[in-house]
Amino acid sequence: MRQFEQLHGLMLTVLLALGAVCSWAQEPVPVDSVNPNATLITQDQMNQKQVTNPLEAISGRVAGLTIQKGNNGTAAMDAVRVRGTTSITGGNDPLIIIDGVFGDLKTLSSIYPTDIESFSILKDGSETAMYGSRGASGVIEVTTKKGSSTHATVTYNANFGLSHVTKNLNMLDADGYRNVLSSQGLMLIDKGYNTNWQEAIEQTAWMQDHHIAFMGGGEQAGYRVSLGFMDHTGVILHEKLRNFTSNMSMYQHMFGDLLNIEVGMFGNIQREQTAVYDVQKTFYSAQAYNPTFGTERNSSGSWDGFTYANQINHPMALMDSRTRNKTAHISTHAKFTFTLDAHWKLALFGAYSHNEVETAQYLPTSIWGGGQAYRKSDKTESLLGNALLTYDNHWGPHHVSVAGLAEVNRDIYSGFYTTTTGFSTDAIGIDAIQAGAVTLWDGTGSYREAPSLASFMGRANYDYDNRYQVSVTARADGSSKFGDGHKWGFFPSVSASWTVSNEAFLRDCHWLDNLKLDVGYGLAGNQGGVDSYMTRNALSPVGVTTVGTELAVTLGTLTNINPDLKWEVKRSFNAGASAAMLGNRILASVDFYTSKTSDMLYMYNVGVPPFSYNKLLANLGSMRNSGVEVALGFTPVETRDMELNINTNISFQHNKLLSLSGYYHDYWLEAPDYVDLVSLNGAGFHGGNNHIVYQIVGEPLGVFYLPHCTGLVGNDVDGYSYAIADLNGDGEVNIANGQDRQVCGQAMPKVLLGSNISWRYKQWDVSLQVNGAFGHKIYNGTALAYMNMTSLPGYNVLADAPADNIQDQTATDYWLERGDYLNFDYLTVGWNVPLGASVQRVISRLRLSLTIEDLGTITGYSGLTPMINSSTVNSTLGVDDKNIYPVSRSYYLGINLTF
């Protein structure tokens, strides 16, 4: 460890002495020269709808790239996967690089979408190898707009819009609730109101976005500065989002062609407020609360309670809760490129990033006994410096380029949190948490981590006559997270391509513009599942005890230490072909890939003794991902006044968990045969067989493992129950794991579809985006709960429930439905307004646009929407369980001006 730290310190000193500014970033080698097969999405190819998160600009545009919004909240983060999930413990998010600055999905909120020039998506192992362990789950490079050598230009973009709910669950209204309870002889607590609680917590949302950019320069220098502002409300009461962004860049040529300097800075301050502190409790309450209650406080100033429903609260009381999040981010970077001679260049790059997230939450006494205030602050500082030496030369038909990289980077994570309860009034809330009489010991804490990474990379590209290309990359990463003997990982890759269309036997084939075959193989490491000090015997506070008459905090280890932790390794193979025909009016590509993750990290249950604790993280598992990606583009009409473009991509993906068990030294570690990932929550689901989605070796990650329902059968009280099959044929029904259950589908889609149709006629243009997913299933836990008539009178039910009269809540495959859908994401109509000569002296371009977002969905799924979490392995994967935002539709008016 000491030797590693000495090497790390030496490298950092050398690089900083060379002039690199410390940063948490890496300047990517230009995609055109190093990754010619990477998928490039330029500004003209991005989605034309108004977006809050920049990734929405490429949703559905790239085969193999899954971008799924978590919910309809104002600041909902996207779940992003490049060619699926490849690890159980973590590290599945792609690496985000913005102008050379390393970041994550949250970093994208600091970039205003209009500032983006292009996206480059690197998917296979040979493409991502230059980024080593950071690129194990794919890479998304974002290039922002820069200054130009033309005259000074000012652009202004604005969007104004509204959003409203278009679909809610059809629950019993107050009259239906009264009639059903009276007809069944159930106790009715009737406050005399007729309240639709779903509509009561909803509102029409308003949005406005503004962006202004200044750019200009000359042959030797250029600049671009932009400012952005987003002001959005949500469709749920009290939801607000404000985001201020800034992006500045400058380039300067000095000493002729000897030195080129590029400097940039971007950042944002985002403030979000919401009353939805618990998504499931909020929508569960709004759907199932007694509809005869009113929306106002009673005569005593409190909210009417309903003691028969202890899993939900008065919906308007929940709207009194407040959660505020503030995110502040700033990144600065500088690059110095020295042209040493006609063939050699040296680039020194560095940056510094600072990100801070503050969370403040208050739960009033009406929903939390004594009230509760919570405050948290998380801070990340990221440092990196690298030096890149390149050689590029042509002679005859030969072209050789070689690159060598050395880099070091360090993360510093720190933060604190505190919780207080025992408030005598809700008037103060989170602004004076000392008003709470009780500060919880286990609700207060702080932390600090400082992992570091050192890397060396070499890359060589050879091209012969623009026909045959070979690229070899070798990268070594050393991480402080691992123990001695395991810190360094070696991740090589090789790729080759053949431009068939440049062969002599095809040069007279005038209808074929390009035909290229590619193949690649590479290794990548992953350390996302390892915390900073899991290989060290570190002490932490574990409790409070009495020493004499004084209180003292005890220290101890909380987990088993594993000094043998090492890199997860993903081995990827990719083969593909691409073609362009008829003057690039027909574009087609197909890629096949397969990858295997070995030494996969997993948390095992172990015995005590021989271990000190009952959990151990170890590298024993393996997983395979494979798939086929097809992209097609057609331009059937292309004239001066009219153009029609149709682009479609489709991805077929398959995932399989191969193994988990194995030997750790001489001790056999065995993972359970069935690990439940997602369970149903709410009334009637406690302590029962309510597990839905499982992790099972030999199956895709995230399968439905359920009892089989053969239909509905009558019970003893004139209702119906679920008839469960005896699957193992032992003469009795037992729905425990390993008994009368079966694998009956997967949560992750087998097929993903994205399609865009754009049409232009003179100054008018229309764009339609369609996205789809197929081959997966969704468990409609919402219907299981709300179709159960025994929930009455405590919980309201669906309007269809009395007719079916199901009096059972056993989780079977009865409510397992196909999740296939085709969603019409947006429709945009634009008009490039003709401007007279006198106007063009001031305004060179004026564009107006109207966008309708979320037009509708074609699906057989009976719930609110099939667009739920179907890609991220967490407690919501594949299950609709009373936690879905209402379906909404948005309308935007856009104005774009260039001066």
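Strands and helices in these legends are DSSP runs numbered from the N terminus, where a helix (H or I) has at least four residues and a strand (E) at least two. The views that follow all come from a predicted model.

**View 1. Two cis peptide bonds around P609 and P610.**
Start with the loop between β26 (586-605) and β27 (615-638), which holds P609. A cis peptide bond links V608 to P609, with omega at about -10°. P609 is in turn joined to P610 by a cis peptide bond, here with omega of about 10°. P610 also sits in the loop between β26 and β27. As background for this view, most peptide bonds are trans.

Most residues other than glycine have a negative phi. K762 is not a glycine, yet its phi is positive, at about 55°. Look for K762 in the loop between β37 (751-761) and β38 (764-774). K762 is classed as partly exposed because its relative accessibility is 41%, a value between the 20% and 50% cut-offs. N805, also a residue other than glycine, has a positive phi near 50°. N805 is found in the loop between α9 (801-804) and β40 (816-818). With a relative accessibility of 14%, N805 counts as buried, since buried means under 20%.

Y462, V470, V472, V494, V519, Y521, F573 and F592 make a nonpolar surface patch of about 620 Å². The elements that give two or more residues to this patch are β20 (468-479) and β22 (512-526). F592, one of the patch residues, belongs to strand β26. Its relative accessibility of 37% makes F592 partly exposed.

**View 2. The salt bridge between D99 and K146.**
Side chains of opposite charge can pair when their charged atoms come close. In this view D99 and K146 form a salt bridge, with 3.0 Å between the closest N and O atoms. D99 is in the loop between β4 (95-98) and β5 (101-103), while K146 is in the loop between β7 (139-144) and β8 (153-167), so the pair ties together parts 47 residues apart in sequence. D99 is buried at a relative accessible area of 13%, whereas K146 is partly exposed at 35%.

**View 3. The salt bridge between R178 and D190.**
R178 and D190 meet through their side chains in a salt bridge, 2.6 Å from N to O. R178 lies in helix α4 (residues 174-183) and D190 in the loop between α4 and α5 (197-200), so this pair ties together parts that are twelve residues apart in sequence. R178 counts as buried at 16% relative accessibility, and D190 counts as partly exposed at 38%.

A salt bridge joins R475 to D477, where the closest N and O atoms are 3.0 Å apart.

**View 4. A salt-bridge network.**
To finish, have a look at R83, K123 and E629, which are linked in a network of salt bridges. Across the model, the count comes to 21 salt bridges, where a bridge is a side-chain nitrogen of Lys or Arg within 4 Å of a carboxyl oxygen of Asp or Glu.

Terms used. Residues are numbered from 1 along each chain as its sequence is written. This is a predicted model: local features need pLDDT of at least 70, side-chain atom pairs count only at pLDDT 80 or more; totals for chains, interfaces and linings use all residues. Side-chain values use heavy atoms; hydrogens and water are left out. Buried means under 20% relative accessible area, exposed over 50%, partly exposed in between (1.4 Å probe, protein chains only). Patches are made of residues with over 30% relative accessible area and no salt bridge: like charges are joined within 9 Å, nonpolar side chains (Val, Leu, Ile, Met, Phe, Trp, Tyr) within 5 Å. Accessible areas come from the Shrake-Rupley method with a 1.4 Å probe; for residues, only the protein chains shown count as cover.
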